[in-house]
Amino acid sequence: MLAAAALRLWIEGFGRLPLPALYAITDTAALLTWYASQRVRNVTIDHMRHVHASEAQPATLAADARGAVRTAMRYWADMAHSAHVPPDAAIERIEAVDGLDRFFEAYDRGCGVMFVSAHLGNPETLIRVVGTFGLDVLVLTEQLSPPAVHELVHSVRQAPGVRFVPADRAGVRLAIQQLRAGNVLAILADRDVLGTGHPQPFFGERARMPRGAVELALRTGSPIVTGFARRTGGLRMRVSLDDPLYLEPSGDREADVEEGMRRVTSALEAGIRHSPDQWFALHPVWQGLAT
């Protein structure tokens, strides 16, 4: 209950401040967290070491790792602020959307669209962009603990045309229905939040990665569109959408999943390499699996 009360205070009390003031608070919190938490430093520097493939100097790795923590904190500033502004306010911060025609190319097939992104920049901006076009969007999310925190976060996240549901058994059933109805399903696929992932090469080392997006795409015939919402300085953001991935079943399910995972993981790696300091996965991605 203490966590829920603190989050409610942050949203209701501080969320009414102008966004630059919120960023000043969260940037300070990020700096304090970086220097106070050895775990956070170790995890984020390790992530940057994988992204840069040992090509960067220690100072660059540390700078990008600090940026990742800052991005994570700014995510909570955006959430608090969004509770007190119109749902389309986030759209006004977007300076450009690259590749929107690619998304509608996939959507117009009528087979639904798997919308896949990473913990990069502010992925919820992607959802709000799609929602503004009047599309039906379902988002599979991590079950937060305690339940009071989960309910509070989801109440703030809601936007017209967008539903957030936990990625549990009931959520997966809804996801299948969503795609078969020709609608949009969104998921983050850059780390194993549910603990059910399978070993998959990711930035040169095997990590447990979620396979749900690929498995659902193969099951429903839905194309996968990967995309990212990056911060470009100040309050502005830029959305980029990649070419659709069409996964064709060959009859060998495991081989199909492996190939689909290779293509999706490659797209996620490219998106993260573009802005490594905005990749705010603060929990270990690699758990010592053999390469």
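Trainee: Which way do Val113, Phe115 and Ser117 point from strand 2, and which way do Met114 and Val116?
Mentor: In this predicted model, Val113, Phe115 and Ser117 point one way from strand 2, while Met114 and Val116 point the other way. All of them are buried.

Trainee: How many residues of strand 2 are buried, then?
Mentor: Five of its five, so to speak: strand 2, residues 113-117, is mostly covered.

Trainee: What about its pairing with strand 5, parallel or antiparallel?
Mentor: Strand 2 and strand 5 (residues 184-188) run parallel, and five bridges join them. Within strand 5, Leu185 is the bridge partner of Met114.

Trainee: And how many bridges does strand 2 have with strand 8?
Mentor: Three, again in the parallel sense; strand 8 covers residues 224-233. There, Thr226 in strand 8 stands opposite Val116.

Trainee: Switching to helices. How do the axes of helix 4 and helix 8 cross?
Mentor: The axes of helix 4 (residues 58-82) and helix 8 (residues 147-157) come within 9 Å and cross at roughly 70°. That makes helix 4 roughly perpendicular to helix 8.

Trainee: Is that crossing left-handed or right-handed?
Mentor: Helix 4 passes helix 8 in a left-handed crossing.

Trainee: Which residues meet there?
Mentor: From helix 4 you have Tyr75, Trp76, Met79 and Ser82, and they meet Val153, Val156 and Arg157 of helix 8. By type, the residues of this contact between helix 4 and helix 8 divide into five nonpolar, one polar and one charged.

Trainee: Good to know. Now a backbone one: what is phi of Phe203?
Mentor: Phi of Phe203 is near 55°, which is a positive value in a residue other than glycine. For background, most residues other than glycine have a negative phi.

Trainee: Where does Phe203 lie?
Mentor: Phe203 lies in the loop between strand 6 (198-202) and strand 7 (205-209).

Trainee: Buried or exposed, that Phe203?
Mentor: Phe203 is buried: its relative accessible area is 7%, and the cut-off for buried is under 20%.

Trainee: Last topic, Gly99. Where is its place?
Mentor: Gly99 has its place in the loop between strand 1 (94-98) and helix 6 (100-107). Gly99 is buried too, with a relative accessible area of 13%.

Definitions and conventions. Residues are numbered from 1 along each chain as its sequence is written. This is a predicted model: local features need pLDDT of at least 70, side-chain atom pairs count only at pLDDT 80 or more; totals for chains, interfaces and linings use all residues. Side-chain values use heavy atoms; hydrogens and water are left out. Axes are lines fitted to C-alpha atoms, for helices over the stretch in contact, and angles run from 0 to 180 degrees between N-to-C directions. Helices (H or I, at least four residues) and strands (E, at least two) are DSSP runs, numbered from the N terminus. Angles under 35 degrees count as roughly parallel, over 145 as roughly antiparallel, 65 to 115 as roughly perpendicular and the rest as oblique. A crossing is left-handed if the near helix is turned anticlockwise from the far one by less than a right angle, and right-handed if clockwise. Contact means heavy atoms within 4.5 Å. Ala, Val, Leu, Ile, Met, Phe, Trp, Tyr, Cys and Pro count as nonpolar, Asp, Glu, Lys and Arg as charged, and the others, Gly among them, as polar. Buried means under 20% relative accessible area, exposed over 50%, partly exposed in between (1.4 Å probe, protein chains only). Two strands pair if DSSP finds at least two bridges between them.
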